[in-house]
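This report covers one model, from domain layout to strand pairing. Please view the sequence and structure first.

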Amino acid sequence: MNVSPLRTQAVPVSSFLGRVDPRTKLICLVFAVVVCVTTPPDRFAAFAGYFGALALLMIIARLPFKAVLGPVFVIMPFVLLCAAFVPFIHPDTSGGGYSLGIGRLWVSRSGLLLLWNVAAKAIFGVLCIALLVHSTSFPDLLRGLDALRFPRLGVMLAGFVYRYVFVLTDEVLRMKRARDSRGYQGRWLWQTAVVGRMVGTLFLRSYERGERVYLAMLARGFESRMPLSEHAQLRAADYGFLFVVVTVFLGIRVIAL
Amino acid sequence: MNDVPAIEISGLSYRYPDGTSALNGIDLIIKTGEKAGIIGANGAGKSTLLLHLNGILRGEGTVRVFGAAVNRSNLNLIRRGAGLVFQNPDDQLFCPTLFDDVAFGPRNMKAPEQEVMRRVTHALQLAGLDGLDHKSAFHLSVGQKKRAALATVLSMDTRILVLDEPTSNLDPRARRELIALLKDLAETQVVATHDLALVRDLCSRVVLMDRGKIVADGQARDILEDRALLEQHGL
């Protein structure tokens, strides 16, 4: 049944960061990202401080460096594609560009700063998110969002997606195997129709599954409103974590001003 | 209380919206504490009949659960009386964690959180799934999923368990474990299946259906011995 390679998801490490309440972590994430994004790009010391703080957190929480840094390499091509040309085409307003010595190719200082600005902030944001997902299980994350009054419909939808995306990918894989076992090569134009039919079948099956899930919900007394689960109180440690994160980031921001 | 039958169906007929007749004049009484097997070939109407037992489908005729007629106004009461376990556990387990799934029923009944905790723990224990409460259903084996689906209904403390093909897709050991679990439960049970060995192990009474009608109803051993009858109706 379970054939999807997606099945092996990262299991949160049982570190101190894993025990911090998801609400606290979510607030800290938003706070740190906002502080970082609003920092002027030429305050290099501040950025060093932010990244230093993240690295420290990663070490204390004993998170796997490789897994956390992975997403950075995924987004880098996009960031670079967007920003890498800026230093060449962005004209300097205050002067101070650098000649590359190749014909009339110049790099502008403000353009470089812009590239640094986009790249550093994007990487910081992705690192923060990676830290969050590597220390929090998805159900905990949903609970945290719910407790923070995130619209319940959105939380519910995210929950269903999390539950059924693997079921669906399994189904696709089984379908593909059944198709390939019957000599499909995907080589000729007319064979594309097969793919179309598969998508259609998948849609109908999912639609029917949706109906069956709804029946199963009805059978257990569902009345069009997702039942509330109570949320545990934040502990002193959670407030402590929040306090430390806020102080550190705000401190770096103010000192580097 | 024992005089009131757990389930009382009279003159029940149902047509699907496209006009296909699925049930045709069903009369059936199931006593409290009875374990009844509903057998029949594919398309005989077993699953459709089960969906009537807690008011998900409502056809012509009457269905009574512990004396209360199933109608729009008392669905909540009916669903507290009869718990339905669907054939495919992937349809029944739709929450991010097993705990949330098992807690779904009690929470819908507005049970206080402490009571919810108690019931979930108890139901998971009965189903032999203790300690797995924070797993996602995706990480369970098929046998565990089947038992988990049962636990989602056990936590509702219903007095009737309605099971659709409880042993389908199970390997022999998972099947034996599930049957042992069902045997130990004191609730009234209605089991729709074409697994005749399951019926022989679990049920004292058998109802044979074919094309939306009940064609035989009696002691399990009498009907299961009658090979000619079974073969005539596609089993």
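## Domains and strands

The C-alpha centres of domain 1 and domain 2 of chain A are 37 Å apart. The model is predicted. In chain A, domain 1 takes in 15–137 + 233–255. Domain 2 of chain A covers 151–219.

Now to chain B. How many residues of strand 3 of chain B are buried? The count is 5 of the 5, across residues 35–39, so strand 3 of chain B is largely enclosed by the rest of the structure. In a regular strand, side chains alternate between the two faces of the sheet. Both faces of strand 3 of chain B are covered. On one side, B:Lys35, B:Gly37 and B:Ile39 are buried. On the other, B:Ala36 and B:Ile38 are buried.

| Strand pair (chain B) | Sense | Bridges |
|---|---|---|
| Strand 3 and strand 8 (residues 188–193) | parallel | 5 bridges |
| Strand 3 and strand 9 (residues 205–210) | parallel | 4 bridges |
| Strand 1 (residues 7–15) and strand 2 | antiparallel | 6 bridges |

B:Ala36 has B:Val190 in strand 8 of chain B as its bridge partner. B:Ile39 is partnered by B:Leu208 in strand 9 of chain B. For B:Ile7, the bridge partner in strand 2 of chain B is B:Ile30.

Chain B also holds an open sheet of 4 strands in the order 2-1-4-5, with antiparallel pairing. Strand 2 (21–30) and strand 5 (68–69) of chain B stand at its edges. Each has a single partner strand, so one side of each is left without a neighbour in the sheet.

Technical notes. Residues numbered from 1 in each chain as written. Chains lettered and ligands numbered in written order. Predicted model: local features only at pLDDT ≥ 70, side-chain atom pairs only at ≥ 80, totals over all residues. Domains from an automatic or database assignment. Buried ≥ 20, exposed ≤ 12 C-beta atoms within 10 Å, placed from the backbone. Helix = DSSP H or I, 4+ residues; strand = E, 2+ residues; numbered from the N terminus. Pairing = 2+ DSSP bridges.
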